[in-house]
Amino acid sequence: MVIKFFNNPEKMENLIRLLMQGVGVTSKIFFLTLIFSVPLGLAVALGRMSRRWYVNKPISFYIYIMRSTPLMLQLLFIYFLLPMVVPFKMDRFVAVIFSYVINYAAYFAEIFRGGIESIPSGQREAAHVLGMSRLQTFWRIIMPQAAKRSLLPCTNEVITLVKDTALASTVAVVDLMTMAKKQVTSSSSVEPYLVAIIFYLILNGIVEQVCKWVERKMNYYQ
Amino acid sequence: MLRAADIKKNFGDLKVLDGISLEISRGEVVALIGPSGSGKSTFLRCMNHLETVDSGEIWLEKDCMCRMTDGRVRYSSEAELRRINMRMGMVFQNFNLFPHMTVMQNLIEAPMRVKRESRAAAMERAKEMLASVGLADRGGQYPYQLSGGQAQRVAIARALCMQPEIMCFDEPTSALDPELTHEVLAVMRDLAEKNMTMVVVTHEMGFARDVADRVVFMSDGVIVEQGTPEQVFSSSNPRTMKFLQMD
Ligand SMILES: Nc1ncnc2c1ncn2[C@@H]1O[C@H](COP(=O)(O)OP(=O)(O)OP(=O)(O)O)[C@@H](O)[C@H]1O
Ligand SMILES: [Mg+2]
């Protein structure tokens, strides 16, 4: 292995600066995906649990597609193929966010559905006999308990998301992965990959700590 | 005050309620007894609109939960049903307290959200109710910190906070260790003495004998016989006798 960066502080500094730019884009993808896919996932979960077949059937199909095909393929499809049927061209960054949001919403939906369905029916019944409406029952009784039960599987999903952001490089969005790849190509040294690995470790280290913190917050009851 | 007329209910092919008619007057304590699977819980759940009946009528005084029109059962509007539910309290076998809320929050949730009472007013009544079930100092605890007997007493207090006119109990002591049943039964006795209208599904024959004004014996989805505790417990009806001996 040729050492080109690690023995040259100036080059190293430049590499880190470039990769930090990538981290910025990666974080942007990460946060935007989370912000949109969590509420969308909740809506999808509710639709999936609807008793009307014309709601739950299409939604089941959507979840099936999202979970059964590679995210990379979904991303390529939305970026290259969708513009052939719809009259506008998608900005590559928007295409990435859009694909991730609809993909992750499907996963979150299944987690939320599991959480909601795991709440004993007695909870709903107790709320019902107290005269609470369905909406009150859902937001005040079911959801807080389901959120707690969904937390652990959600943590896994969020950690996966950090890694999945790397797929953005397939449509040349300059995230951490793309940036590292570029530097490897131009320098023909793999050191940028090593630095990228460390960055991903740091990012997911932070994610894990935040999730642990939320978990502790929710541990006020058993 | 509560009137159920010719209630029928099937689960698939299983006839669970086969024409139950029961009228309960204000201040009356009715004990519902019968073998396992006879439909006692189902009947109580129909009264609280946790199940829908296949046919029959349910009235709470002038408020109609469901009635027969053109030979088919018709339920009232959602709003009307909630109004009726608010006038009735229900206590379950396994408490069904909200685990993510403290005892106090469990008690004030419905009064605040459903009856739109102020927090202060709701809390004041909640404290009163907690005291009346002997748990005045437990408001800040979570359900998992309570014993079964305490949890059930909280559940009773929670129902009472809505100031129901009639209280239904579905085997309130069946999930409890024997040494804890008496504290729940004591609370129920207390309620009966305060003239609360009560329908109690129970296997506690002592309670039925001492507290109930009327004992209703159900079997296979029908009321076999009913009367004062003395009448039913000294019945010569073979089905009643068989059940009482088993117990
Ligand atoms: N949701 C349901 N779906 C199908 N069958 C049911 C349902 N609920 C109750 N049953 C059946 O209906 C019958 C009556 O049940 P129910 O719970 O009303 O009896 P019970 O008199 O309360 O008995 P127990 O003393 O054991 O509580 C039983 O055979 C039961 O298996
Ligand atoms: Mg029962």
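This is a predicted model: local features need pLDDT of at least 70, side-chain atom pairs count only at pLDDT 80 or more; totals for chains, interfaces and linings use all residues.

In chain B, 63% of the contacts between residues at least 6 apart in sequence join residues at least 24 apart. For chain A, the corresponding share is 75%, again among contacts between residues at least 6 apart in sequence.

**Chain B as a whole**

- Chain B contains 9 helices and 11 strands.
- A compact globule of 247 residues would have a radius of gyration near 18 Å, and chain B agrees with this because its value is 18 Å.
- Taken along the principal axes, the C-alpha atoms of chain B fill a box of roughly 50 × 45 × 30 Å.
- Of the 247 residues in chain B, 58% are buried.

**Chain A as a whole**

- Chain A has 8 helices and 0 strands, and its pattern along the sequence reads α-α-α-α-α-α-α-α.
- The C-alpha trace of chain A spans about 70 × 50 × 25 Å along its principal axes.
- Chain A has 222 residues, of which 47% count as buried.

- Helix H6 of chain A covers residues 134-164, which is 31 residues.
- The end C-alpha atoms of H6(A) are only 37 Å apart, short of the 45 Å that a straight helix would reach at 1.5 Å a residue.
- Where does H6(A) bend? The bend, of about 45°, is at Leu151(A), and the proline Pro153(A) follows within four residues.
- Helix H8 of chain A runs over residues 191-217 and has 27 residues.
- From its first C-alpha to its last, H8(A) reaches 40 Å, close to the 39 Å expected at 1.5 Å a residue.
- The buried residues of H8(A) include Glu191(A), Pro192(A), Phe199(A), Tyr200(A), Asn204(A) and Cys211(A).
- Which helices do the buried residues of H8(A) pack against? They pack against H1, H6 and helix H7 (176-187) of chain A.

- Ser50(A) is in the loop between helix H1 (9-49) and helix H2 (53-68) of chain A.
- A polar atom of the Ser50(A) side chain lies 3.0 Å from the backbone nitrogen of Arg52(A).
- Leaving out residues up to four places away in sequence, Ser50(A) touches Val55(A) and Asn56(A).
- Met66(A) belongs to helix H2 of chain A.
- Met66(A) counts as buried because its relative accessibility is 9%, under the 20% cut-off.
- Residues touched by Met66(A) are Gln74(A), Ile102(A), Asn103(A), Ala106(A) and Tyr107(A), when residues up to four places away in sequence are not counted.
- Met66(A) and Ser121(A) are separated by 55 residues in sequence and, C-alpha to C-alpha, by 30 Å in space.

**Loop residues of chain B**

- Asp70(B) is not a glycine, although its phi is positive at about 55°.
- This residue, Asp70(B), lies in the loop between strand S5 (63-69) and strand S6 (72-75) of chain B.
- Is Asp70(B) buried or exposed? Asp70(B) is exposed because its relative accessible area is 79%, over the 50% cut-off.
- Glu171(B) is likewise not a glycine and has a positive phi of about 45°.
- The loop that holds Glu171(B) is between strand S8 (166-170) and helix H6 (178-193) of chain B.
- Glu171(B) counts as buried, with 12% relative accessibility.
- Glu51(B) sits in the loop between helix H1 (40-47) and strand S4 (55-60) of chain B.
- With a relative accessible area of 17%, Glu51(B) is buried.
- The side chains of Glu51(B) and Arg45(B) make a polar contact at 3.1 Å.
- Glu51(B) touches Arg45(B) as well as Lys9(B), Phe11(B), Cys46(B) and Tyr75(B), not counting residues up to four places away in sequence.

How values were computed
Residues are numbered from 1 along each chain as its sequence is written. Chains are lettered from A and ligands numbered from 1 in the order in which they are written. Side-chain values use heavy atoms; hydrogens and water are left out. Helices (H or I, at least four residues) and strands (E, at least two) are DSSP runs, numbered from the N terminus. The expected span of a helix is 1.5 Å times one less than its number of residues. The bend at a residue is the angle between axes fitted to the seven residues ending there and the seven starting there. The radius of gyration is taken over C-alpha atoms; the globule rule is 2.2 Å times the number of residues to the power 0.38. Buried means under 20% relative accessible area, exposed over 50%, partly exposed in between (1.4 Å probe, protein chains only). Contact means heavy atoms within 4.5 Å. A polar contact is a pair of N or O atoms within 3.5 Å; within protein, one must be able to donate a hydrogen and the other to accept it, and residues adjacent in sequence count only if both atoms are side-chain atoms.
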